Amino acid sequence: MRHGDPHDPLLLQVLPAGAELATQTGFVDDPVGDAAAKRAPGLLHKYHGRALLIAARECAVHCRYCFRRHHPYESEPVRQADWDPAFAVIAADESLDEVILSGGDPLLLSDRRLRQLIDRLASITHLRRLRLHTRLPIVLPDRVTDTLLNLLRSTRLTPVMVVHANHPAEIADDCSTSLDALRRAGITLLNQTVLLRGINDHADTLAELSTRLVNHGVMPYYLHQLDRVAGAAHFEVSVDEGRALVSELRRRLPGYAVPRYVAEIAGEMSKRVID
């Protein structure tokens with residue numbers, strides 16, 4: 001963050017603002033239908049073949065646009081025994097071959113607790129992949145330790161890590177080092193970005209972000225239209241503006257560096273690609 005700049009794009013992602021208190025039509029507590037997708041404490045199942053565990057209740061930073069900013073984390077599992085119902089559902093559903101660890105942020109778990117979860121998942125024979133959705137390599141890069149890398153390399157499950165950077169200034173210094181370490185360890189790396197008013201709603205910004213990510217072996221995966229969560233309306237960019245930005249990215253960048261522009265619609269069986 002730039003010292004003394006109240007408009008810094010990294011600061012604006014985490015700085016509470018009075019605009020969050022304004023009531024806006026169409027902005028709700030659960031915009032992506034998490035409650036309807038809950039199959040057991042800590043377990044969400046929306047899409048074919050994969051399910052999601054709310055592995056942690058906390059994050060390293062509190063992103064003000066977060067679609068789970070109103071999630072009832074106090075009801076999610078903490079102790080190992082609390083996870084038994086979720087693992088029973090996963091073990092009984094052979095259509096699942098991938099489990100996503102999300103939260104909160106799963107990398108806020110200690111290595112011991114993370115290993116316990118991963119070992120339990122690896123013991124379910126029909127699972128093949130482990131996906132971690134995490135912001136820590138970006139905002140707390142020291143969390144990427146040799147112990148963590150060895151843990152991800154040692155599981156029989158194929159690890160995929162989805163990081164979350166919204167602005168090129170986030171891909172610098174120790175963050176770059178953490179991403180390079182993950183890449184050298186053979187971890188497939190993807191990035192998700194949320195399109196945010198006043199933060200990354202310019203083609204130059206998004207193009208530079210994609211370029212920095214690709215240079216560190218991270219594939220730009222999704223550019224998300226803002227989930228319409230209560231308190232985040234001031235971040236919204238119109239879909240027409242988003243389309244124009246993606247069109248410009250296609251003109252400037254190789255195809256693999258252009259993220260898919262998507263929206264998550266509650267109840268739909270996949271992300272909706274915005275063309």
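The largest nonpolar core of this predicted model has 47 residues, and those with the most contacts inside it are Leu-53, Ile-90, Leu-101 and Leu-121. A nonpolar core here is a set of buried Ala, Val, Leu, Ile, Met, Phe, Trp, Tyr and Cys residues joined through side-chain atoms within 4.5 Å. Helix α3 (residues 111–122) supplies the largest share of this core, five residues. Another core, of 16 residues, lies apart from it and includes Ala-203, Leu-253, Ala-263 and Ile-274.

This is a predicted model, in which local features need pLDDT of at least 70 and side-chain atom pairs count only at pLDDT 80 or more, while totals for chains, interfaces and linings use all residues. Residues are numbered from 1 along each chain as its sequence is written, and side-chain values use heavy atoms, with hydrogens and water left out.

Ile-90 touches Leu-43, Leu-53, Leu-96, Val-99, Leu-121, Ile-124, His-126 and Leu-127, not counting residues up to four places away in sequence; contact means heavy atoms within 4.5 Å. Ala-91 is found in helix α2 (residues 84–92); helices (H or I, at least four residues) and strands (E, at least two) are DSSP runs, numbered from the N terminus. With residues up to four places away again not counted, Ala-91 touches Ile-124 and His-126. The C-alpha atoms of Ala-91 and Ser-123 are 9.1 Å apart, at a sequence separation of 32 residues.

Two residues are set side by side below; buried means under 20% relative accessible area, exposed over 50%, and partly exposed in between (1.4 Å probe, protein chains only).

| Residue | Relative accessible area |
|---|---|
| Ala-91, partly exposed | Ala-91: 39% |
| His-216, buried | His-216: 16% |

His-216 is placed in the loop between α7 and β8. Its side chain makes a polar contact with the side chain of Ser-176 (3.4 Å). A polar contact is a pair of N or O atoms within 3.5 Å; within protein, one must be able to donate a hydrogen and the other to accept it, and residues adjacent in sequence count only if both atoms are side-chain atoms. Beyond four places in sequence, His-216 is in contact with Ile-171, Ser-176, Leu-179, Asp-180 and Arg-183.

In helix α8, the buried residues are Gly-242, Leu-245, Val-246 and Leu-249. Seen down the axis of α8, these fall within an arc of 95°, so they line one face of the helix; the arc is that of the directions from the helix axis to the C-beta atoms. They pack against α7 (203–215), β8 (219–224) and β9 (260–263). Asp-240, Arg-250 and Arg-251, on the other side of α8, are exposed.
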